Amino acid sequence: VKHWLIVAGVLVVALGGLQWFRSYEDSLGSVNISLDPAARAEIVQQLGEDPGSPKTVKSFQASYHGKLKMGNYAVVPHAGSDYDNSSTGLIVGANPTTLSIRLDYSDAKLKSFVSGESEAINQAFNAKYPAVSIGYSLQKITLYGRGDWAGALVVPGAANQDSLRAIFQKVNSQWKIVTDPPVISIGTPVYPNIPRDIIVKVNILN
Amino acid sequence: LIPGAVSDAAKKYQQDPKIQNLIQEYSGKIFGSASQEVSQKYPLVAMLPHLDLDFRIDYGKGVRSKDTVSSTAIYIRAFSPAARREAISWIRQQGYDPSDYEIVFSNFTNPFSSGASQ
């Protein structure tokens, strides 16, 4: 009888453990994150209403493939001062989550490129609109991303005309206007291939 | 739903600014009642039409939008650059980002539309 009791006890514990393991496995979601090869990052857990002390769950370099408990996280890059180290939200659910993070350059680094790129951007603009561009000039040229996107105000020389906005992209070392024609307000439904955050920033250039 | 002009006389009639405005308004009404998806994707439309002293904002079918499911544009009628800026500011004041919409300025001829080289 004693032996049977021990066997029954072990079975109960084993079944309980198995049940716990299954429910634990069910609470995990598969995550794949890719980052720049040289960059490090941390995955931090968003602690609900209290953002004061986020808990670091994982640290990794270049990429992370694994399982995390379902919930809300943020990926915080540590790539040095040349990069924009803003965090990216990560929601882990029942379906596998894939996140590809391309770090933009920092504002300071982008600003340092502007003077070297302005002439080429102006040339691309003047070549595209030879007849009209004489009466307009590009102002507030600003670089985005990794210096491969640019936005500018298209400002008329004459009074009482509208200032327009334009976005340029550098492909194969050549600048090209991608919002053709320049407009008063650039819309994401018209240009779904331009990152929304760039359109938003160019629309508030002033 | 709105018949296209075929004859020269009809085309001329439709080019009349008053008729254009009527067509635009009517399109917006038909379009608005037809699509609940539009108001979910483009919530600004729930506040339209909006009339101000210097501008009017309506909505209707997109012109250059790549949104194939619920193509929508915001139509702003304003007669000066300052009024057009005011209209954009009004959209921001309602809590919406103009970047999320195709905005068509009815009384504005874009000088760059015909000035591009190939």
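Modeller: Gladly! Let's start with the term we need: a salt bridge here is a side-chain nitrogen of Lys or Arg within 4 Å of a carboxyl oxygen of Asp or Glu. Please keep in mind that this is a predicted model.

Colleague: Thanks. How many salt bridges does a search of the whole structure find over all chains?

Modeller: Side chains of opposite charge can pair when their charged atoms come close. Searching the whole structure, over all chains, the total is 12 salt bridges.

Colleague: Take A:Lys109 and A:Asp82: how many residues apart are they?

Modeller: Their side chains meet in a salt bridge, at 3.4 Å from N to O. The pair links distant parts of the chain, with A:Lys109 in helix α2 (residues 107–128) of chain A and A:Asp82 in the loop between β5 (71–78) and β6 (88–92). Their separation is 27 residues.

Colleague: And is A:Asp82 buried, partly exposed or exposed?

Modeller: Buried would need a value under 20%, and exposed one over 50%. The relative accessible area of A:Asp82 is 37%, so this residue is partly exposed.

Colleague: Which parts of chain A does the pair A:Lys128 and A:Asp180 tie together?

Modeller: First the contact itself: the closest N and O atoms of A:Lys128 and A:Asp180 are 3.6 Å apart, and the two form a salt bridge. They sit 52 residues apart in sequence, so the pair ties together helix α2 of chain A and the loop between β11 (174–177) and α3 (196–203).

Colleague: Where do A:Lys201 and A:Asp197 lie?

Modeller: Their side chains meet in a salt bridge, 4.0 Å from N to O. The two residues are 4 apart, about one turn of the helix, and both lie in helix α3 of chain A.

Colleague: Over to chain B. Which residues are linked with B:Arg56 in a network of salt bridges?

Modeller: B:Arg56 is found in strand β2 (residues 55–61) of chain B, and its relative accessible area of 17% makes it buried. A polar contact of 2.7 Å joins its side chain to that of B:Asp58. The network links B:Arg56 with B:Asp58 and B:Arg77.

Colleague: Now the two chains together: how much area do chain B and chain A bury between them?

Modeller: The contact takes 32 residues from chain A and 25 from chain B. Of the buried area, 58% is on carbon and sulfur atoms. The area buried between the chains is about 2,200 Å².

Colleague: Which element gives the largest share of the side of chain B that touches chain A?

Modeller: Between the chains there are 2 salt bridges, and B:Arg84 forms a salt bridge with A:Asp162, with 2.8 Å between the closest N and O atoms. Both α4 (81–93) and β4 (102–105) of chain B supply at least two residues of the touching side. The largest share, 4 residues, comes from α4(B).

How values were computed:
Residues are numbered from 1 along each chain as its sequence is written. Chains are lettered from A and ligands numbered from 1 in the order in which they are written. This is a predicted model: local features need pLDDT of at least 70, side-chain atom pairs count only at pLDDT 80 or more; totals for chains, interfaces and linings use all residues. Side-chain values use heavy atoms; hydrogens and water are left out. Buried means under 20% relative accessible area, exposed over 50%, partly exposed in between (1.4 Å probe, protein chains only). A polar contact is a pair of N or O atoms within 3.5 Å; within protein, one must be able to donate a hydrogen and the other to accept it, and residues adjacent in sequence count only if both atoms are side-chain atoms. Contact means heavy atoms within 4.5 Å. Buried area is the accessible area (1.4 Å probe) that two parts lose on being put together, summed over both.
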